[in-house]
Amino acid sequence: MLSRTAAHLYWMARYMERAENLTRMLKVTQTFSLMPSSRSGRQEITAPLIITGAVEDFTERYGEPSMASVLRYFVFDDSHPGSIVSCIKAARENGHAVRGSVTSEVWESLNATYLEMRKWLKEGVDESEIETFFDFIMERSQLFLGAVSSTVLRNDVHRFITVGTVVERADNTARMLDVKYQVMKPLRKESDRATDYYHWGTLLRALSAFEAYHVVYGDQITAEQVAELLILRSDLPRSLRACVSALATILPQIEGSAGLTAKRLTAELDAALRYGDLEYCFANGLHEYLSEFLERIGAIAEAIHHAYLEVA
Amino acid sequence: MAKVALPPDGHYDEMLGADGHCRPHYQPYGDWLNQTSVQTLNSKRRKADLLFHRVGITFNVYGEADGAERLIPFDAIPRIIPAGEWRVLEKGLLQRVTALNLFLHDIYHEQKILKAGLVPTEQVLSNVQYQAAMQGLDLPGGIYAHITGVDVIRNNDGNYYVLEDNLRTPSGVSYMLENRKMMMRLYPEAFSQQAVAPVEHYPNLLLDTLRSASRVDNPCVVVMTPGRFNSAYFEHAFLAQQMGVELVEGADLFVRDGHVFMRTTLGPKQVDVIYRRIDDGFLDPLAFRADSMIGVPGLLSVYRQGNVILANAIGTGVADDKSIYPYVDEMVRFYMDEEPLLANVPTYQCRKADELSYVLANMEQLVVKEVHGAGGYGMLIGPKATKAEIAEFRTLVKAKPEQYIAQPTLCLSSCPTFVDEGIAPRHIDLRPFVLSGRNGPQVVPGGLTRVALKAGSLVVNSSQGGGTKDTWVLEDESC
């Protein structure tokens with residue numbers, strides 16, 4: 001496969017996944033913005049900025065964050081490369097460049113999403129409709145993944161798409177968990193069960209893990225068990241373990257013998273998750289653990305780039 | 001019920017005879033159309049638009065502000081060609097393309113036709129499309145134009161005429177294929193009435209043609225595109241996918257040790273045949289335009305060593321130039337010792353003093369074309385032009401007569417077309433695609449029919465508001 005093609009496939013999947021993750025993140029924010037500020041609604045509004053490392057850029061352009069301006073920045077601002085609109089556009093552009101390599105179902109799902117999104121933007125989306133817009137993006141991302149899963153031949157095309165998806169997803173789950181944990185930490189001493197339930201429950205919902213939590217634990221929602229579910233459980237599709245494990249399976253299947261560094265780093269991280277436990281995760285503090293994870297997944301992404309996507 | 005009407009007097013209509021009756025080969029379709037309501041046609045048209053948009057069969061128009069993608073309007077009423085008529089057309093096309101390839105081989109070798117005085121030497125050698133780098137280079141099978149699109153029209157005398165040959169990077173074949181797919185999807189019942197010759201195997205034939213162009217066993221073929229902002233990018237991607245080969249951009253290729261390689265996830269892979277959809281001037285910044293960002297440095301030297309095949313060859317443009325066009329008949333006679341089966345449109349060459357004065361005196365009746373123009377730009381249609389436009393063109397032609405040719409205004413035949421007002425006659429042309437491989441030229445039965453959607457308009461180019469139709473060649477001899 002052409003290196004350029006591999007790069008387009010990888011970024012097509014990453015951007016689509018990023019659009020979905022942004023939507024998941026903003027749904028949490030929106031839920032919390034409706035809460036009294038004593039329950040940290042204010043912090044929730046800034047959470048997306050912290051998660052995506054965009055505090056500075058945002059402040060420069062919009063000043064003091066409000067719910068409306070944060071939404072504008074993350075949903076509609078096409079001069080912000082990290083907005084949903086920009087991600088959908090980038091996913092479609094990458095798909096456009098490789099439309100000959102993907103099935104028509106995959107391309108059509110991207111193209112139809114983009115065209116429909118443009119129609120939405122033209123007509124304007126007001127705050128009361130934002131939920132419908134979020135649902136639309138989520139649905140389209142699922143449609144894209146479904147088209148990939150059910151129509152793409154299991155060759156390197158499928159592998160590079162999947163690599164893009166799981167790298168982005170692992171990165172996102174780690175960031176969302178990290179930020180939520182930091183928001184919750186100062187609140188924990190008050191041991192307000194309702195606040196706990198509300199915060200962790202919303203995070204679980206955003207990661208489509210709320211029902212899973214109850215099936216697995218059938219218990220009160222606690223920070224430790226949430227962390228265990230989102231980091232260590234192999235049966236939760238958005239957990240770090242599941243994402244890294246998928247990556248460790250796929251990378252060696254890519255044709256050829258390139259990418260030793262990427263494969264080694266992934267196998268190491270996979271082992272750390274596979275044979276890790278909660279004690280290990282919390283040993284130096286969860287924030288430190290997740291920061292290290294983000295560094296390691298970043299190094300893997302870089303190694304993938306170097307080995308496959310920019311061959312000299 | 002859908003009603004079909006005749007064009008104004010003196011025009012040839014593909015479906016209706018001068019007496020207003022349906023021509024025999026259109027009868028089954030005409031009967032079907034009669035039983036179909038305008039509402040049905042309308043709703044199917046909306047469905048077709050939606051499908052084309054979603055599949056992304058759009059094209060970019062140069063010079064449009066937002067570079068927006070536009071749909072080429074698709075018309076659901078097919079252009080139908082009876083079997084007997086196609087057989088003659090096919091023979092003529094194959095003969096013509098054979099002669100053009102022989103001409104190209106000749107002018108880049110012994111130049112016998114120039115020595116015989118049949119084509120003026122300066123018309124060839126000082127033509128901007130003539131590539132000195134091709135002189136003396138032997139190509140496998142002597143094939144220069146592997147893919148040719150010949151633009152043919154039917155005049156009101158009922159005869160076909162060749163309007164121009166496209167020997168560089170002719171486009172439009174994807175519409176031939178997608179239009180057929182769309183017709184079969186929307187109107188399966190219309191196909192059950194008549195045996196329509198299939199065109200769907202074109203990508204297969206194209207791949208065979210490209211592979212046979214190389215001396216290498218099992219050659220690696222790629223399609224080369226200027227990139228996804230090119231107006232015909234959809235077609236480049238489509239053909240690569242249909243043939244199952246890589247679609248590359250200049251940056252994906254590099255030259256090392258006298259060969260061309262592409263960058264892949266497995267490392268460098270040698271490329272043997274490049275179906276390039278990029279103009280000569282942009283192929284190699286070391287040899288042609290130094291500012292080309294879409295070419296491959298060193299490509300020409302590999303080509304000259306015979307280590308890569310370019311389809312079409314470099315320098316084919318000299319044979320489809322409008323100033324060479326009047327001599328194609330001579331080529332057929334000279335190289336093949338045959339009489340041309342397909343007629344040329346009579347052409348006045350403004351570089352000749354007597355023909356220039358005729359053109360200047362009769363501009364109102366003529367179509368005047370820039371010799372190197374394409375896509376319907378740089379031309380004047382006398383009978384449709386205002387006095388001011390004619391005066392402006394007269395100045396242009398006087399200033400540089402060698403840059404212009406003129407032809408009588410032919411009346412393109414019309415075909416019933418579904419437009420806002422209902423079904424109305426609109427002018428059409430036809431571009432069949434001829435493939436020249438080691439086993440001789442061949443043409444799939446059909447082509448791209450372009451239609452001028454504005455009433456009375458003769459400009460069918462998609463960049464100027466033309467649409468397309470499916471082209472049916474009938475297999476049944478009886479019509």
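Start in chain A: the centres of domain 1 and domain 2 of chain A, taken over C-alpha atoms, lie 21 Å apart. The model is predicted, with pLDDT of at least 70 needed for local features and 80 or more for side-chain atom pairs, while totals for chains, interfaces and linings use all residues. Residues are numbered from 1 along each chain as its sequence is written, chains are lettered from A in the order written, and side-chain values use heavy atoms, without hydrogens and water.

Select 1-151 of chain A as domain 1 and 155-189 + 212-312 as domain 2; such bounds come from an automatic or database assignment. Between them, about 2400 Å² is buried, 65% of it on carbon and sulfur atoms (accessible area, 1.4 Å probe, lost on putting the two parts together, summed over both). Next, show Y10(A), R14(A) and I51(A), which supply 26% of the area that domain 1 of chain A buries there, more than any other three residues.

Five salt bridges cross this interface (side-chain nitrogen of Lys or Arg within 4 Å of a carboxyl oxygen of Asp or Glu). Zoom to E20(A) and R238(A), a salt bridge with its closest N and O atoms 3.4 Å apart.

Move to chain B and select 24-195 + 321-343 + 410-473 as domain 1, then 346-408 as domain 2. Their centres, over C-alpha atoms, are separated by 24 Å. The area buried between these domains of chain B is about 1500 Å², with 50% from carbon and sulfur atoms. Show K322(B), L410(B) and Q464(B): these supply 31% of what domain 1 of chain B buries against domain 2, more than any other three residues.

End at R351(B) and E122(B), which form a salt bridge with closest N and O atoms 3.7 Å apart.
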